[in-house]
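Me: Please give me a close look at one part of this protein. Then connect it to the rest, so that I can follow along on the screen.

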Amino acid sequence: MPVTAPEHGQHFTYQTRVWMAAAIAGMGGLLFGYDTGMISGAQVFIEDDFDVSSSGIGLVVSAVTLGALFGAIGSGWLTQRLSRRAVVVLAAVVFVIGAILAAASPNVEVLIGARLIIGLGIGFASTVVPLYIAEIVPSRSRGSMVALFQLAITAGILVAYLVNAAFADDGEWRAVFALACVPATLLLLGMLVLPESPRWLVARGRVDEAHHVLDELRDPEDPRTGQELAEIVDAVEAEAARPKQSITRSLTSPLARTILVVGIGLGIFQQITGINTIIYYAPTILKEAGLGTETSFLTTAGIGALNFLATVCALLFVDRIDRRRILLFGMAGMTLSMGLLATLFAIGDFGGVLRWVAVGSLFSFIAFFAVSWGWGFWVMAAEIYPMFIRGQAISIGNAIQWGANFLISLLFPILLGAWGGAPVFFVLAGFGVLALVFTQRLVPETRGKTLEEIEAEWRRRAGVAVTA
C-alpha cells in the first residue's frame, strides 16, 4: 500500500514521501548497527556469566556475521519470489525472534544460536534495504538516500554503545539484547505502508502500479520523470527478449563476471581493512593501549558518536562528489591511521601522550571510513548491477562480504592474543594499500546516472548489445 500524501504543496510532499520511504527502510540499518555494536560491551559480561574462553567469545561475536552470510545468500532467492518490501518485513520479524531468544539465553550455546538468527535478519536487511531504496528514489539523490542506510547503521552502533555504557555498572547484557525489539517492531510496521519497488512491479507486469508509485515519488516538474517509466519498461522488455538462460549462466557470463569482481572486491575490502576490529573490539584495543575499563567504554561511545556525525556530514556531499574519488580519499586516510596504530603497538609504550595518539588513530580511522567506504560500498552495490542479475548479484556480493566479516571478527581476538597488536594492524594496513590499487584500476563512476544508464555503460564496456 503506497504512502498517501496531503493534497496541497505537491513538490514538498513528493520530497517528503521519498525521504519517508528511505528513512523507514533505512531502519533496517539501525538494527544492523545496534546488533553489531552491542556485543562490544556485552561480551565482557557474557564472559563472566558463562565463563567463556577467548575462542568462545569469538564465536559469540562472529556468529552474527555467519548468520548474516546465510541471510545474504538466502535473500537472493527470496527477492526472486517475494517483493523487496516483503523481504524487509521478514527481516524485521527475524530480528524480533533473535533478540528475544538472545535476551533469554540460559547458556552460551543458545546465545550463539540466537546471534545466528539475528545475523539472518542483518543479512536480509543489508542486501535488500539498499536495493529497495535505490530502486524507488530519484537518480539525482540516490547516493544520499542509499547512504541513509549507512547513517542508520552508525546511529544503531552509537545507540548500542550508549546503552552498553548505561548498563555497564549493572552488567545487564540481557536488557541490551531485548531493547533491539523496539526498532525491529517499528521497521515492521513502517514497511507495511511503503510502496513496492517500481522496477520490481514492471518486471512482474504490473506497469500501472509502477506508474502510480513513480507519480508519488518523483518531481512532477522534472522533465525526466515521464521518461523513467518508459526506460524501466524498455529495459525489462529488452531483457525478456534476450535468450533465456539459467541464473547460473547469467552470473557467469562475461558481463556479469566483470561487474561481480568489482562488487565483491568492494565488499571484501570494506571489511578486511579493519573497520569491524574497531566496532566489535574497541574496548579490548583500548585496554591493550592502557586505558581503564570505564574510560574504554566512554571512549568507545565517543567513537560511535564520531562515526555517526561523520556519516551525517558525508550525506551533504554524497551526490556532489564522484564516488570513486571519495573511496580513494577515504581509503588513503584509513590506511595511514591503521599504519600509525600498528607503529604505536610496535613501540609498545603507551605512556603519556602516545596513549592518546593511539586513541586518535582509532578516531581518525573511523572518520575516514564514515565519509567514504562506510556508505560507499552500500551505494555502489545498489547501483552497479544490471537488472537481469541485480537481486542475486547483490546477494552474492553481500554474502562474500559477510564471510570476510566473519573471518575477521572470529580471528581478530585469537591473532591479537597470539601475535600482539603490531603485526595484526600492519596486516590490516597492507589490505588498505591493496584496496587503493583495486579502486584506482577497476571501480567505475556511477554518480548522477540512472540504473538503466549504468547498465548500458557496462554493456558498452563489455561489447554486449544494449538492447535486444
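Reply: Leu-179 sits in the loop between helix H7 (173-178) and helix H8 (181-191). The model is a predicted one, in which local features need pLDDT of at least 70, side-chain atom pairs count only at pLDDT 80 or more, and totals for chains, interfaces and linings use all residues. Residues are numbered from 1 along each chain as its sequence is written, and side-chain values use heavy atoms, leaving out hydrogens and water.

Leu-179 is partly exposed because its relative accessibility is 37%, where buried means under 20%, exposed over 50% and partly exposed in between (1.4 Å probe, protein chains only). Together with Val-182 and Leu-186, Leu-179 forms a nonpolar surface patch with about 250 Å² of accessible area. Patch residues have over 30% relative accessible area and no salt bridge; nonpolar side chains (Val, Leu, Ile, Met, Phe, Trp, Tyr) are joined within 5 Å, like charges within 9 Å.

Now for the rest of the fold: the protein has 21 helices and zero strands (DSSP runs of H or I with at least four residues, or of E with at least two). Of its 468 residues, 59% count as buried.

Turn next to the salt bridges, of which there are six; each puts a side-chain nitrogen of Lys or Arg within 4 Å of a carboxyl oxygen of Asp or Glu. In one of them, Glu-135 meets Arg-84 at 3.0 Å, N to O. This pair links distant parts of the chain, with Glu-135 in helix H5 (residues 108-136) and Arg-84 in helix H4 (residues 84-103), 51 residues apart. Both Glu-135 and Arg-84 are buried.

Asp-322 and Arg-447 also form a salt bridge, again 3.0 Å from N to O. Here two loops are linked: Asp-322 lies between helix H15 (293-315) and H16, Arg-447 between helix H20 (421-442) and helix H21 (451-462), 125 residues apart. Asp-322 is partly exposed at 25% relative accessible area, and Arg-447 is partly exposed at 31%.

Because they are four residues apart in helix H21, about one helical turn separates Glu-455 from Arg-459. Glu-455 is buried at 10% relative accessibility, as is Arg-459 at 3%.

Terms used. Accessible areas come from the Shrake-Rupley method with a 1.4 Å probe; for residues, only the protein chains shown count as cover.
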